[in-house]
Amino acid sequence: MNLIISLLYAPIVFISLKYFDITKVSLVIFCLSTLWFIMVFKRGYKEYLYPLLYICISILAFFLKEFLLLKTIPFLISSFITTIMFISYINKTSIILFFAKKFSKKEFSKKEEEYIHKSTLFWFFTSLINAIIHLIIFFDTNMDYWIYYSSIGWYFVFIFAGVLQFLHRKFIFLKDSND
């Protein structure tokens, strides 16, 4: 659900603002976010953090009548993810290792766990680059850049990083592990 909303958010906000004023668009975002919050509430706090962010931003945009607040959501989400990556690396509780263990059917060796933990730093920098691009686009006046990058462009940053991670694991880590 988060994926679909992240894909549709920027284009919907942009198109809506062409036909409606900021208060109406903020009110619609508030209503949709509240509905989203209600739908995911029973799944736990990790699921309803995003709808709560959208609700808070829509309320602020409604009262302050400022479009830039609506434009901040993709940047705020990417900054949040970057922060989580960094904290998980520093605390040696890699969020990537957590999800790898959760979704993997096999046990990881200590060496693999260490590799995955170290790769958290790589993903932190990838996420940081993404947040910086979001920030640059946030300040850019060309709305097309914001629409494209905030909806689909950032996926290419992570796909490219995923390919690099795959190649590194296959040709360096696993090669060294077999020696």
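This is a predicted model: local features need pLDDT of at least 70, side-chain atom pairs count only at pLDDT 80 or more; totals for chains, interfaces and linings use all residues.

Reader: What pattern does the protein chain follow along the sequence?

Author: It reads α-α-α-α-α-α-α-α.

Reader: And how confident is the predictor? What's the mean pLDDT of the protein chain?

Author: The mean is 88. Of the residues in the protein chain, 96% reach 70 or more.

Reader: Where is confidence lowest, and where is it highest?

Author: Lowest in helix H1, residues 2-19, at a mean of 80. Highest in helix H7, residues 110-139, at 93.

Reader: OK. What box do the C-alpha atoms fill?

Author: Roughly 65 × 40 × 25 Å, taken along the principal axes.

Reader: How many of the 179 residues count as buried?

Author: 36% of them.

Reader: What about the accessible surface of the protein chain?

Author: About 11600 Å². Carbon and sulfur atoms account for 73% of that.

Reader: Contacts next. Take residues at least 6 apart in sequence. What share of those contacts joins residues at least 24 apart?

Author: 68% in the protein chain.

Reader: Let's zoom in on H5. How many residues, and what does it span?

Author: Helix H5 covers residues 73-90, which is 18 residues. From first C-alpha to last it reaches 26 Å. That is close to the 26 Å expected at 1.5 Å a residue.

Reader: Which H5 residues are buried?

Author: Ile73, Pro74, Ile77, Ser78, Thr82, Met85 and Ser88.

Reader: What sits in the loop between H4 and H5?

Author: Thr72 lies there, with helix H4 at 67-71.

Reader: Thr72: buried or exposed?

Author: Buried, because its relative accessibility is 14% and the cut-off for buried is under 20%.

Reader: What does Thr72 touch, leaving out residues up to four places away in sequence?

Author: Ile57 and Phe138.

Reader: And at the other end, what follows H5?

Author: Lys92 follows H5, and its phi is positive, near 60°. Lys92 is not a glycine. Its place is the loop between H5 and helix H6, which runs 95-103.

Reader: Is Lys92 buried or exposed?

Author: Exposed, since its relative accessible area is 66% and exposed means over 50%.

Reader: What about phi at Lys65?

Author: Lys65 also is not a glycine, and its phi is positive at about 50°. Lys65 is in the loop between helix H3, 45-64, and H4. Lys65 counts as exposed because its relative accessibility is 52%.

Reader: Changing topic. Where is Tyr148?

Author: In helix H8, residues 143-178.

Reader: Buried or exposed, that Tyr148?

Author: Exposed, because its relative accessible area is 55%.

Reader: How far apart are Tyr148 and Lys42?

Author: 106 residues in sequence. In space, they are 32 Å apart, C-alpha to C-alpha.

Note on methods. Residues are numbered from 1 along each chain as its sequence is written. Side-chain values use heavy atoms; hydrogens and water are left out. Helices (H or I, at least four residues) and strands (E, at least two) are DSSP runs, numbered from the N terminus. Buried means under 20% relative accessible area, exposed over 50%, partly exposed in between (1.4 Å probe, protein chains only). Contact means heavy atoms within 4.5 Å. Accessible areas come from the Shrake-Rupley method with a 1.4 Å probe; for residues, only the protein chains shown count as cover. The expected span of a helix is 1.5 Å times one less than its number of residues. pLDDT is the predictor's confidence in each residue, from 0 to 100.
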